[in-house]
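Have the sequence and the model open side by side for this one.

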Amino acid sequence: MKTRITELLGCQYPIIQGGMAWVAEHTLASAVSNAGGVGLIAGGNAPIDYLREQIRLCKDKTDKPFGVNIMLMSPNADDLAQLVIDEGVKVVTTGAGNPGKYVAAWKEAGIKVIPVVPSVALAKRMERSGADAVIAEGTESGGHIGDNTTMCLVPQVVDAVEIPVIAAGGIADGRGMAAAFMLGAEGVQIGTRFLASEECQIHPTFKELVIKAKDTDNIVTGRYTGHPCRNIKTKFAKQLANGEKDGSISPEEFENLTVGALRRAVVDGDVESGSFLCGAISGMINDIKPCKEIINDIMAGAEKLMNK
Ligand code: TUI
């Protein structure tokens, strides 16, 4: 399947792995790239030395294109923006903000720049800034989310910009990919499906929560902090949501309770105080497979539907 995205990124399939903070390290990223997609290493809030090492380890494991996701709320965003240039990273995606101030330098360095956008307005701004493509991410995604759904956001972004659009949020199989293409997308970003991959290094408890989740086992917390996040509905996530609703947890207390909560989920598998960020499609994911099999299944399913 050739699209402007496979051409732009030099990959076999128009599938990009989500830049999931604490999750997307070099083992997962290189497995996705070696399977024909584009793997991403997530910057998150990680220290620069760790990310430099992850980029170098990924280069050792694949000669295929891979990228780095820069979470713009990170205090290290400026340093990481420079690191990707210094390390010759080919693809940068951004999240949780407007990367406008970095785009010129990245383009100068020959980097393909693909911001995540939750709205038409930001998509248009990114196109004017010189972005090569945008990822239109619906509220079905895991982690930090915008308000609009994938089904509504993607066609509106496709209509508003000339650059290619990658759809994200709620896509985990060939049906989702084919649907995104029907909306005008030329690629998909997939996160949650790769949580349940063999190469993903998260704690086994996290994987088990993903594959056991039902359609309703998903909850958004933290709207009152301005940074809503979609999680697996654990007891802890429900406590946070209830405290937010009835006012018994103040926004400041919420921030204190959730500092380090993603690390506690990913590294420790701590269901008592960890935040298991995960997309709304987790109910459909029932097994752990190698990335190659995940990608081959998605491609076979999508192509079958699209050839009909
Ligand atoms: O960034 C993500 N997902 C994330 S980041 C993250 S780490 C985090 N933890 C706690 C609070 C906040 C972040 C976990 N998951 N996805 C991409 C994404 N970007 N979703 C929404 C946006 C976004 C929001 C506003 C992008 C741009 C934006 O622009 C606002 C502006 O400045 O115009």
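**Around the ligand**

Let's begin with A96, where a backbone N or O atom lies 2.9 Å from a nitrogen atom of the ligand. That's a polar contact, meaning a pair of N or O atoms within 3.5 Å; within protein, one must be able to donate a hydrogen and the other to accept it, and residues adjacent in sequence count only if both atoms are side-chain atoms. Before going on, keep in mind that this is a predicted model: local features need pLDDT of at least 70, side-chain atom pairs count only at pLDDT 80 or more, and totals for chains, interfaces and linings use all residues. Residues are numbered from 1 along each chain as its sequence is written, and side-chain values use heavy atoms, with hydrogens and water left out.

Back at the ligand, a polar backbone atom of H144 is 2.9 Å from a nitrogen atom of the ligand, and a polar side-chain atom of E137 lies 3.3 Å from a ligand nitrogen. The protein covers 73% of the 720 Å² of accessible area that the ligand has on its own (Shrake-Rupley method with a 1.4 Å probe; for residues, only the protein chains shown count as cover). The ligand is surrounded by 14 residues, the closest being M73, A96, G97, L122 and H144; a residue counts as near if one of its heavy atoms lies within 4 Å. What is this shell made of? Seven of its residues are nonpolar, six polar and one charged, where Ala, Val, Leu, Ile, Met, Phe, Trp, Tyr, Cys and Pro count as nonpolar, Asp, Glu, Lys and Arg as charged, and the others, Gly among them, as polar.

You'll find A96 in the loop between β4 (91-95) and α5 (100-108); helices (H or I, at least four residues) and strands (E, at least two) are DSSP runs, numbered from the N terminus. Its phi is near 65°, a positive value in a residue other than glycine. A96 is partly exposed, with a relative accessible area of 28%; buried means under 20%, exposed over 50%, and partly exposed in between (1.4 Å probe, protein chains only).

W22 has a positive phi too, about 70°, although W22 is not a glycine. W22 sits in the loop between β1 and α2 and is partly exposed at 48% relative accessibility. G19 belongs to the loop between β1 (15-17) and α2. Setting aside neighbours within four places in sequence, G19 is in contact with A24, L40, A42 and N69, contact being heavy atoms within 4.5 Å.

Is Q189 buried or exposed? At 9% relative accessibility, Q189 counts as buried. Not counting residues up to four places away in sequence, Q189 touches several others, including I16, Q17, G18, V116 and E137.

Last stop: helix α7 (residues 150-160), where T150, L153, V154 and V157 are buried. They cover an arc of only 95° around the axis, so they end up on the same side of α7; the arc is that of the directions from the helix axis to the C-beta atoms. The cover over these buried residues includes β5 (112-117), α6 (120-129), β6 (134-137), β8 (165-168) and α8 (174-182). Turned away from the buried side, the other face of α7 carries the exposed residues M151 and D159.
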